[in-house]
Amino acid sequence: MTSVRRAKITALGTYVPPRVLSNFDLEKMVDTTNEWILERTGIRERHLVDKGVAASDLAVEAAKICLANRGIDAKEVECIIVGTVTPDMMYPSTACLVQHKLGIPNTWGFDISAGCSGFLFSLTTGAKFIESGQYKKVLVIGADVNSSMIDYKDRATCIIFGDGAGAVLLEPTEDGEQVGIIDHVHQVEGVGGQYLYMPGGGSLHPTSKETVEQNMHVVHQDGQNVFKYAVKKMSEMTVKVLSRNHLTGSDVDCFIAHQANRRIIVATAERLKMPMDKVIINIEKYGNTTAGTIPLAMQTALDEGKLKKGNNVLLAAVGAGFTSGATLLKWAY
Ligand code: COA
């Protein structure tokens with residue numbers, strides 16, 4: 001019997017830089033309290049890079065762990081896709097830098113800019129190359145150094161973000177194997193660009209003395225509007241991908257959502273009538289690492305014994321753009 005060729009995740013690797021910035025550290029930097037941050041976001045601490053460490057460095061560390069977990073040499077990777085909005089520089093792409101640092105002689109690769117949906121968009125793109133038969137080993141990475149563009153005087157924004165990365169290896173399913181990525185839904189709605197953006201340094205506002213003086217090289221966020229959209233959209237996308245596969249929240253064994261705010265994840269789980277023991281939340285330790293959150297949460301799920309072969313896994317994300325998506329898969333190992 002031949003079956004549909006799907007992409008399956010065969011290994012995972014994650015990395016966060018060692019330095020920790022706690023809520024108590026933030027109390028000394030801006031007018032905030034540990035209680036406010038915990039209650040409004042669920043975050044206790046986040047990891048930040050030291051000066052000189054960039055997104056490609058985090059990506060490479062996560063990729064090395066992923067490949068070691070799979071037991072293969074980096075030379076076998078045929079394509080590298082990096083979801084990031086904090087690339088080392090405007091160009092070359094982070095994927096090129098990762099290729100060079102890993103020493104892969106023969107590979108293709110590119111970056112995907114989709115804010116906090118960056119990992120999901122990259123995963124879907126990688127899966128298409130596997131499903132088409134073009135490639136057998138695609139490395140999908142989500143990596144962000146948010147601290148490089150956060151205003152540590154803006155108390156409503158600086159408390160949320162952290163730095164981190166995760167990588168998964170995608171490979172084709174064997175004949176008759178019932179695991180892997182089943183379906184996905186994605187959307188972009190540019191009207192949301194005004195609520196979460198980093199205006200300076202692009203072709204519209206090239207870096208100048210004025211852009212620096214006007215604080216245009218940091219993240220600008222209207223938290224309430226982003227919050228409202230995220231709650232609405234995460235529910236909408238997850239319901240859509242489940243219902244078109246004739247499933248409900250009770251069929252899901254593990255829900256892994258982008259970690260932006262604990263309240264957004266809980267609201268989505270409630271809408272799906274999903275018990276909280278199936279919902280992965282690790283925002284307390286890492287904050288919002290943008291494209292890093294979903295692989296970091298996958299690692300937490302594995303560590304907690306909540307991801308087993310054949311489990312129905314639901315992934316979901318909403319991010320700057322606005323961008324959004326939900327992915328349904330059966331865990332493969
Ligand atoms: N400490 C103490 N008070 C703070 C604060 C902080 N760190 N940040 C904001 N406040 C204050 C505000 O100034 C406001 O005070 P005011 O009523 O006197 O004007 C009050 O708290 C409420 O502000 P509000 O913006 O309504 O808070 P909130 O409950 O919406 O929480 C966020 C703010 C940013 C945590 C929340 O909106 C959020 O998580 N948004 C989504 C962000 C996100 O997901 N971004 C990534 C996209 S994927």
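Okay, let's start in a loop: P92 lies between β4 (79-83) and α4 (94-102), with helices and strands being DSSP runs, H or I of at least four residues for helices and E of at least two for strands, numbered from the N terminus. The peptide bond from Y91 into P92 is cis, omega near 5°.

Quick caveat: this is a predicted model, so local features need pLDDT of at least 70 and side-chain atom pairs count only at pLDDT 80 or more, while totals for chains, interfaces and linings use all residues. Residues are numbered from 1 along each chain as its sequence is written, and side-chain values use heavy atoms, with hydrogens and water left out.

Back to the backbone. There's a cis bond from G321 to F322 as well, omega near -5°, and F322 is in the loop between β13 (312-319) and β14 (323-330). Then N215, which isn't a glycine, has a positive phi of about 60°; that residue is in the loop between α7 (209-213) and β10 (220-221).

Now the ligand. How many residues surround the ligand? The count is 22, the closest being T32, R40, Q221, Q224 and N261, where near means a heavy atom within 4 Å. By class, that shell has 10 nonpolar, eight polar and four charged residues. Here Ala, Val, Leu, Ile, Met, Phe, Trp, Tyr, Cys and Pro are nonpolar, Asp, Glu, Lys and Arg are charged, and the others, Gly among them, are polar.

For polar contacts, think N or O pairs within 3.5 Å. A side-chain N or O of T32 is 2.7 Å from a ligand nitrogen. The protein covers 73% of the 950 Å² of accessible area that the ligand has on its own, by Shrake-Rupley with a 1.4 Å probe.

Which elements give two or more residues to the shell? Those are α2 (34-41), α6 (155-158) and α8 (223-243), and α8 has the largest share, four residues. By domain, the shell draws at least three residues from each of domain 1 (7-172) and domain 2 (180-330), with bounds from an automatic or database assignment.

Key:
A polar contact is a pair of N or O atoms within 3.5 Å; within protein, one must be able to donate a hydrogen and the other to accept it, and residues adjacent in sequence count only if both atoms are side-chain atoms.
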